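Subject: Structure handover

Hello,

Please find the structure below, followed by notes on what was found in it.

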Amino acid sequence: MNQEQKNEVIELLKGKFSQYSNFYITNTESLSVAQINDLRRVCFDKQVEMKVAKNTLIRKALESLDSEKYSGIFDALHGVTALMFSDSPKEPAVIISSFRKAVGPKETRPVLKAAFVGDEIYMGDNQLASLVAIKTKNELIGDVIGLLQSPAKRVIAALLEKGKKEGAAAEAPAAE
């Protein structure tokens, strides 16, 4: 790879890091070609972009954007690295988790090395469960709407129940 090709890769990566506020750094080293193709297909279906790049080029791209902001990620840049870019903060974690379950119950690959979600850095594979549990913006909005509707629904139900009781009481004497 000559210097011009390296610069092109760095520019491509800078564009991806700028475009997405969430990215995951994984190790796919011991996966077979068929497994990697399956993982790529799942990522494509879920609108998650998966890119493989050299660690030094990833580091240079991150440093040129904001060295201080991404400094915690640099420790994860070793071995074979695959990047997963997504608009959703949890979709790559769900993909990794479900991919592992589909391969086998004791599968630990691909390995999550780090994740950058919003402005938070999650280091290590042990963070996968908490990343899967992250709620998306739409899920949080749905929860808030549900909480706001709950008291109103109870008031309306109570008023309707009281109206039924009063209606039944008013009809009973008239029937006599």
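Which residue lies over the face of Phe74? Arg59 does, at 4.3 Å from the ring centre. A charge is taken to sit over a ring if NZ of Lys or CZ of Arg is within 6 Å of the ring centre and within 35 degrees of the ring normal.

Some ground rules before the rest. This is a predicted model, in which local features need pLDDT of at least 70 and side-chain atom pairs count only at pLDDT 80 or more, while totals for chains, interfaces and linings use all residues. Residues are numbered from 1 along each chain as its sequence is written, and side-chain values use heavy atoms, with hydrogens and water left out.

Domains

The domain assignment gives domain 1 (3-134) and domain 2 (135-175); such bounds come from an automatic or database assignment. Taken over C-alpha atoms, the centres of domain 1 and domain 2 are separated by 46 Å.

Helices (H or I, at least four residues) and strands (E, at least two) are DSSP runs, numbered from the N terminus. Helix α3 covers residues 55-66, 12 residues in total, and reaches 16 Å from its first C-alpha to its last, close to the 16 Å expected at 1.5 Å a residue. The expected span is 1.5 Å times one less than the number of residues.

The buried residues of α3 are Asn55, Leu57, Ile58, Ala61 and Leu62. They sit on the same side of α3, because they cover an arc of only 165° around the axis, the arc being that of the directions from the helix axis to the C-beta atoms. Buried means under 20% relative accessible area, exposed over 50%, and partly exposed in between (1.4 Å probe, protein chains only). Their cover includes α1 (3-19), β1 (22-27), β3 (82-86) and β4 (111-117), with contact meaning heavy atoms within 4.5 Å.

Asn55 of helix α3 counts as buried at 16% relative accessibility. Leaving out residues up to four places away in sequence, Asn55 touches Leu77, His78, Gly79, Thr81 and Lys113.

Helix α4 (residues 91-103) has 13 residues and reaches 18 Å between its first and last C-alpha, close to the expected 18 Å. Among its buried residues are Glu91, Ile95, Phe99 and Arg100. The cover of the buried residues of α4 includes β1, α2 (33-45), β3, β4 and α5 (128-132).

Aromatic residues

The structure holds 8 aromatic pairs. Rings of Phe, Tyr and Trp (its six-membered ring) pair if their centres lie within 6.5 Å; planes under 30 degrees apart count as stacked, over 60 as edge-to-face and the rest as tilted. Phe17 and Phe85 have ring centres 5.3 Å apart and planes at 65°, so this pair is edge-to-face. The pair links distant parts of the chain, with Phe17 in helix α1 and Phe85 in strand β3, 68 residues apart. Both Phe17 and Phe85 are buried. One aromatic cluster is formed by Phe17, Tyr20, Phe23, Tyr70, Phe85 and Phe116.

Two further buried positions

Lys90 lies in the loop between β3 and α4 and is buried, with a relative accessible area of 18%. Not counting residues up to four places away in sequence, Lys90 touches Tyr24, Leu131, Val132, Ile134, Thr136 and Glu139.

Val117, in strand β4, is buried at a relative accessible area of 10%. Its C-alpha is separated by 6.5 Å from that of Ser21, 96 residues apart along the chain.

Regards
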